[in-house]
Amino acid sequence: MSAQSAPVAPPQYPEKIDAAVLKVAGVVVLGAIMSILDITVVNVALPTFQNVFAEGGEPLAYSAVAWTVTGYTLALATVIPLTGWAADRFGTKRLYMTALLLFTAGSALCASASSIELLVAFRVLQGLGGGMLMPLGMTIMTRAAGPARMGRLMAILGVPMLLGPIFGPILGGWLIENYSWHWIFLINLPIGALALGYAFLVLPGDRPEPSESFDWVGMALMSPGLALFLYGVSSIPGEGTFFATKVLVPGVIGLLMVAGFVVWSFRPAHPLLDLRLFRNRNLTVSIITMFLFAAAFFGGLLLVPTYFQQVRGESPVDAGWLMAVQGLGAMVTMPIAGALTDKLPVGRIVPFGLLGITGGMFALTQLDGSTSYAYILTVLFIMGLGMGATMMPLMTSALKTLTSHEVARGSTLLNISQQIASSIGVAIMSVVLTNGLANDSLLKAATGFREASAGVTDPAQLGGIAARFPEVAALLARGQEAFQAAVADAMAGAFSTTFWVAAILLSLTLVPAYLLPRRREVSHLLDDDEAADVAPPVILH
């Protein structure tokens, strides 16, 4: 065979994680840290926004400032479906740098906002950039690692995904307490500038494929449909019911639009979201498992720092530090699980992680108002161990058997599934908790007593008010400490009920997890390269 007609040999990836791949991982981790931290950091600042942007001396309603979170989330949901097409059309490096630039510029504008309306608008701009960072990062790392190292590289990407929700509240509380709310956004500027320069130097050059026709019909159905659905879901906690007009109208319209997209998506050759990928069994089982897991785990996990603050009286910063033990658990098992994922099928790894998380969630159902912190922290550490062995192996399994061309679209499906599941899980757990707190007879009596006795100092008057609330009067007769302990136990009971719901949902996750591959998976990541007789992008040193 002549030299001109000889095919290029299939690309050979080294077995070990080398410096070139670690450089690429560093770029992706920087972007992921910015995107994920910003979600949790802003949550801590909502009470501050109520006062900073107050009109006429009256603090803004919580529902108004909550749009700084909701707007960001809706922007994420809108832009994620575009990521797969845009990556193929423009190239991952260009698109990733554009996403970094949008996010960093949005951060600078957020810090300069003079009204809540402007802040919400700039948060939307941030979300348009942030929504592309995670799916693009997964695509970049998958292509850089090759099939033999995906598990270990995905474990690196999982670090900010786990630590962001834990250390975000700590960082946000510290910045607001010691500096000002502006710094929760300004801190992104140096990180963003570093990530942009780093990406320019390190990421492989783009080789975008010939332009595909853009799915305008899919765009008109999917992105606004998903945004409307998530808006309805995110309105559930505020309305306290699934049947409020603010929940049902946008939720149903959004679902109908998404259903219309599903029907339409099998017609064009290149749909906005390639649902044909669900023909891949590993991808389908992994996404179903991920969906149930994200809904139960992230919905339940959100309640733990709230328990620390509302029941145990901890500050947001202290609650964040208490949650850090879960991150430590994840850091123990994540690199181990990543290495095992490169050698063993995930069906022999993920179920053990899920069992640890499920057992931990059932243990949280036993919380009361005075549960030992040693008990709680031990449970959180065990759940962290399980988390480190679950999330990234699932993502690796989903992407490992896709071809190189399909990775961008597969990671887009994964990220959308996780976003929807997390939103639904948070809404469900918030409604269960809210209703549990509102329907407890002692808590209702205690609230009524506190409202009626506000500003009253005369003992006789206080006695008369207490007589209207027999449960409160009986407890106060035993002393203030007995009253406070009973109220804390009643509040903890509502949390316990919610943890039961999360634990049962996590138990259901074990069903699809049983279907995960338990034999060595055949990787198709290099199929595109072999078919086209071309080597993958060269990693720049």
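This is a predicted model: local features need pLDDT of at least 70, side-chain atom pairs count only at pLDDT 80 or more; totals for chains, interfaces and linings use all residues.
Visitor: How many helices and strands does the chain have?
Guide: Helices (H or I, at least four residues) and strands (E, at least two) are DSSP runs, numbered from the N terminus. The chain has zero strands, and its helices number 23.

Visitor: What percentage of the chain's residues is buried?
Guide: Buried means under 20% relative accessible area, exposed over 50%, and partly exposed in between (1.4 Å probe, protein chains only). Of the 541 residues in the chain, the buried share is 55%.

Visitor: Is Thr68 buried or exposed?
Guide: Thr68 sits in helix α3, residues 67-90. Contact means heavy atoms within 4.5 Å; beyond neighbours within four places in sequence, Thr68 touches Val42, Leu46, Phe49, Ile116, Leu119, Val120 and Arg123. Because its relative accessibility is 0%, Thr68 counts as buried.

Visitor: Which residues does Ser286 contact, leaving aside neighbours within four places in sequence?
Guide: Ser286 belongs to helix α12, residues 281-301. Its relative accessibility is 1%, so Ser286 counts as buried. With those neighbours left aside, its contacts are Leu394, Ser397, Ala398 and Leu516.

Visitor: How far apart in space are Lys400 and Leu283?
Guide: Lys400 lies in helix α17, residues 391-400, and is buried because its relative accessibility is 4%. In sequence, Lys400 and Leu283 are 117 residues apart. In space, C-alpha to C-alpha, the distance between Lys400 and Leu283 is 8.9 Å.

Visitor: What share of the contacts with a separation of 6 or more joins residues 24 or more positions apart?
Guide: Take the contacts in the chain with a separation of 6 or more. Residues 24 or more positions apart account for 83%.

Visitor: Where do the buried residues of α8 fall, seen down its axis?
Guide: The buried residues of α8 (188-202) are Asn188, Gly192, Ala195, Leu196, Ala199 and Val202. Because they fall within an arc of 155 degrees, they line one face of the helix; the arc is that of the directions from the helix axis to the C-beta atoms. Exposed on the other side of α8 are Pro190, Leu194, Phe200 and Leu201. So the buried residues of α8 lie on one face, within 155 degrees.

Visitor: Which helix gives the largest share of the nonpolar patch?
Guide: Leu328, Met331, Val332, Ile336, Leu340, Leu344, Phe381 and Ile382 make a nonpolar surface patch of about 660 Å². At least two of its residues come from each of α14 (316-341) and α16 (373-388). Phe381 is in helix α16 and counts as partly exposed because its relative accessible area is 30%. The largest share of the patch, five residues, comes from α14.

Technical notes
Residues are numbered from 1 along each chain as its sequence is written. Side-chain values use heavy atoms; hydrogens and water are left out. Patches are made of residues with over 30% relative accessible area and no salt bridge: like charges are joined within 9 Å, nonpolar side chains (Val, Leu, Ile, Met, Phe, Trp, Tyr) within 5 Å. Accessible areas come from the Shrake-Rupley method with a 1.4 Å probe; for residues, only the protein chains shown count as cover. A salt bridge is a side-chain nitrogen of Lys or Arg within 4 Å of a carboxyl oxygen of Asp or Glu. The expected span of a helix is 1.5 Å times one less than its number of residues.
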